[in-house]
Amino acid sequence: MAQIEIRDVSVDYKRPNSEETFTAVDGINLSIEKGSFVTIVGSSGCGKSTLLLALAGLIPYAKGAITVDGKTVTAPGPDRAMVFQDASLLPWRSVHGNVRFGLELRRWRRDDLDQRVTRFVHMVGLGSFADYHPHQLSGGMRQRVNIARALAVDPDVLLMDEPFGALDAQTREVMGDELLRIWERDKKTAIFVTHAIDEAIFLGDRVVVMGKNPGHIREIVEIDLPRPRTSAMLDSPAFIAYRQKLRDYIAADMASLQMVKDVA
Ligand SMILES: Nc1ncnc2c1ncn2[C@@H]1O[C@H](COP(=O)(O)OP(=O)(O)OP(=O)(O)O)[C@@H](O)[C@H]1O
Ligand SMILES: [Mg+2]
């Protein structure tokens, strides 16, 4: 059995101002091996965040089963940490204080707590900004604090929802390299949502393509590029072929939605 097993999972939401529910994702099946890096792409609203939230145990699923290391997911747990799509730092706490908060939440009471916080603040390159407050940081720095906070609690599984979404292309590349470096050293299981196809290929062992109405897995593409990944690979024939394949899958999803509209 893989570390994470998602079996036939559906998630329903309540429609606003009504008792009606609708199905946001349906029939999701995915097995994820320990230490692997899975990226998820798909058009806006196809349920990527929903799937991650269900994995985190932050929202219930209506059908199916999710297990991590054989245990059914029913609530958040110390084995999983999430970096949210909207950066969520406490404005009144410093960089150090924000990373510390993650450990405080998990009732981390060891003597080396502050030492550990310092280590992770350094790891994301913010050693000289430990006393800064969120409003004194750039968007990219704030996201690094979020990532440090998630990593510091030493989760087995790292769930990341477009963590680099707000960053410029240059910073994004640097952050991607940094993330891979940390992941290769610690061998966490990583699940990473992004809109950027190149980023999905560059980071992932597999790219999961989701489609809409309701959200489902459309294709899974194995990325057979050696590690460590380097920026030179972005221009390799294999990379270009993956990019084309993924664009085609996403375009096909858009086209099938258009057909639904045409029929209706
Ligand atoms: N709390 C909620 N209550 C009701 N509906 C919701 C809720 N959260 C999400 N939805 C709906 O579920 C569907 C999937 O949303 P989700 O946020 O998972 O999409 P996504 O793939 O992450 O999109 P994006 O790429 O824009 O972040 C959308 O139709 C959305 O309106
Ligand atoms: Mg989302």
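Visitor: Which residue has an N or O atom in its side chain 3.2 Å from an oxygen atom of ligand 1?

Guide: Please note that this is a predicted model. The residue is histidine 195, whose side-chain N or O atom lies 3.2 Å from an oxygen atom of ligand 1. The backbone takes part as well: a polar backbone atom of glycine 47 is 2.9 Å from an oxygen atom of the ligand, and a backbone N or O atom of cysteine 46 is 3.2 Å from one. The protein covers 63% of the 640 Å² of accessible area that ligand 1 has on its own.

Visitor: Which element supplies the largest share of the shell around ligand 1?

Guide: Helix α1 does, with three residues. By class, the shell comprises four nonpolar, seven polar and three charged residues.

Visitor: How should I read a salt bridge?

Guide: Side chains of opposite charge can pair when their charged atoms come close. In this structure there are 13 salt bridges. In one of them, aspartate 154 pairs with lysine 188, with the closest N and O atoms 2.5 Å apart. Aspartate 154 lies in the loop between α4 and β7, and lysine 188 in the loop between α5 and β8, so the pair ties together parts that are 34 residues apart in sequence.

Visitor: Is lysine 188 buried or exposed?

Guide: Lysine 188 is buried, because its relative accessible area of 7% falls under the 20% limit. Aspartate 154, at 43%, is partly exposed.

Notes
Residues numbered from 1 in each chain as written. Chains lettered and ligands numbered in written order. Predicted model: local features only at pLDDT ≥ 70, side-chain atom pairs only at ≥ 80, totals over all residues. Heavy atoms only, no water. Polar contact = N/O pair within 3.5 Å; in protein donor to acceptor, adjacent residues only side chain to side chain. Areas by Shrake-Rupley, 256 points an atom, 1.4 Å probe, with all protein chains shown as cover. Helix = DSSP H or I, 4+ residues; strand = E, 2+ residues; numbered from the N terminus. Nonpolar A, V, L, I, M, F, W, Y, C, P; charged D, E, K, R; others polar. Salt bridge = Lys/Arg side-chain N within 4 Å of Asp/Glu carboxyl O. Buried < 20%, exposed > 50% of the residue type's maximum accessible area, 1.4 Å probe, protein only.
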